[in-house]
Amino acid sequence: MKLTLSVAAVLVFSLMTAATSAQNKPSARAEYIEVEPNVRLHVTDLGEGTPVVLIHGYPLSDACWEYQYHALVKAGYRVIGITLRGFGLSGKPYGKYNYDQFATDIKTVLDKLNIKDAILGGHSMGGAISLHYVAKFNAAHVKKLVLFDAAAPCHTKKADYPYPLFTKDQISSWIELHNNNRPALFDAVAAKFTLSPTSLTPGLGNWLGGIEAQSSPYATEQALIALRDEDLRSDLPKIKIPTLILHATHDSIVSYALAEQMKAGIKNATLVPFEKSGHAAFIEEKDKTNAELIKFIKE
């Protein structure tokens, strides 16, 4: 009888231990976050530690950060790539595709993931959106900002702002091209994306082209209108957190002069020039990009 009771006690203890272990085992992280009814954003969420949130540029998706994901996870950080609505594997609803909408979506994702003290970084249009997010929401969830060849504060030349490379008429012609031959627009962007035609291997170029092809035609048109019309100059003095600006001096899409303007307009900003890349410095000079990013996170 004593032996039977002992065996029963062991079995009960084993079952309780197994149940506790199952309860403590972390569940898989969400790959999609709903930001409003019927609109889900695709999220890549990897690693542990200080969170680093990355926002892609036009017209890519969070998949473009592949070579930052590897480096950040190995360095001991949690990295979260968010694909904006209309792009990649995210939902593609009819509606607004302006910087306010994109920033609000990012806020909803970070709210739902309960992110605290993150480093927020964005490339090109994603850099402009990240900057706007910090200004609009007073750096909610975020303690540092990184701008990778950011198309900010303004992507269009104005009478009082000569620093961008393109006029409103030029960008309007891109919108017209988009609506008649979208692949031709992507080819035109690709021709200016890198320092030279051989900066990326054909495999990497095809990989980026495949990511672009996942985007919604409506979203790429509307986001291009936002790139043309948004003006974030008034956001610059609202950025109070440490900011790292990584920008290629030979960028043919977003001029280095804009990086200098951001450096002058953001109180606590550091500008690091990249000499061996174009607008795709995060791929063309990925080792330097990753080293500067990790150094900034540790500071």
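This is a short talk on the fold of one protein chain, taken from a predicted model.

Hi everyone, thanks for coming. Let me start with the overall picture. The chain in this predicted model has 299 residues, and 51% of them count as buried. There are 11 helices and eight strands.

In what order do the eight strands of the open sheet run? The order is 1-2-4-3-5-6-7-8, and the pairing is mixed. At the edges sit strand 1, residues 32-36, and strand 8, residues 269-274, each of which pairs on one side only. On average, neighbouring strands in this sheet are turned by 20° against each other, if you ignore direction.

Let me show you both kinds of pairing, using strand 4. Strand 2, residues 39-46, runs antiparallel to strand 4, residues 78-82, and four bridges join them. Leu 46 is the residue standing opposite Val 79 of strand 4. Strand 3, on the other hand, pairs with strand 4 in the parallel sense, over five bridges. Here Val 52 has Val 79 as its bridge partner in strand 4. So please find Val 79 on your screens: Leu 46 stands opposite Val 79, and Val 52 is bridged to Val 79 as well.

While we are at strand 3, is this strand mostly covered or mostly uncovered? It is mostly covered, with five of its five residues buried. That holds for both faces: Pro 51, Val 53 and Ile 55 are buried on one side, and Val 52 and Leu 54 are buried on the other.

Next, what packs on this sheet? Helix 4, residues 125-136, lies across strand 3, strand 5 and strand 6, and runs at about 140° to strand 5. Helix 11 packs on the sheet too, touching strands 3, 5, 6, 7 and 8, and its direction makes about 160° with that of strand 6.

Let's zoom in on one residue of helix 4, namely Ser 130. Ser 130 counts as buried, because its relative accessibility is 0%. Which residues does Ser 130 contact, once neighbours within four places in sequence are set aside? They are Ile 55, Leu 120, Gly 121, Gly 122 and Leu 145.

Leaving out residues up to four places away, Ile 245 touches Leu 147, Ala 259, Met 262, Lys 263, Ala 269, Thr 270, Leu 271 and Val 272. Lys 276 is 31 residues away from Ile 245 along the chain, and their C-alpha atoms are 16 Å apart.

Now for helices against helices. The axes of helix 3, residues 99-113, and helix 4 come within 9 Å and cross at roughly 70°, and therefore the two helices are roughly perpendicular to each other. On the helix 3 side, the contact includes Tyr 99, Phe 102, Ile 106 and Leu 110; on the helix 4 side, it includes Met 125, Ile 129, His 132 and Tyr 133. By class, this contact of helix 3 with helix 4 divides into nine nonpolar, two polar and three charged residues.

The other pair is helix 2, residues 66-74, with helix 11, residues 286-298. Their axes come within 10 Å and cross at roughly 45°, so helix 2 and helix 11 are oblique to each other. The crossing is right-handed. Helix 2 brings Tyr 67, Gln 68, Ala 71 and Leu 72, and helix 11 brings Lys 286, Thr 289, Asn 290, Leu 293, Ile 294 and Ile 297. That contact has six nonpolar, three polar and one charged residues.

Technical notes:
Residues are numbered from 1 along each chain as its sequence is written. This is a predicted model: local features need pLDDT of at least 70, side-chain atom pairs count only at pLDDT 80 or more; totals for chains, interfaces and linings use all residues. Side-chain values use heavy atoms; hydrogens and water are left out. Axes are lines fitted to C-alpha atoms, for helices over the stretch in contact, and angles run from 0 to 180 degrees between N-to-C directions. Angles under 35 degrees count as roughly parallel, over 145 as roughly antiparallel, 65 to 115 as roughly perpendicular and the rest as oblique. A crossing is left-handed if the near helix is turned anticlockwise from the far one by less than a right angle, and right-handed if clockwise. Contact means heavy atoms within 4.5 Å. Ala, Val, Leu, Ile, Met, Phe, Trp, Tyr, Cys and Pro count as nonpolar, Asp, Glu, Lys and Arg as charged, and the others, Gly among them, as polar. Two strands pair if DSSP finds at least two bridges between them. Buried means under 20% relative accessible area, exposed over 50%, partly exposed in between (1.4 Å probe, protein chains only).
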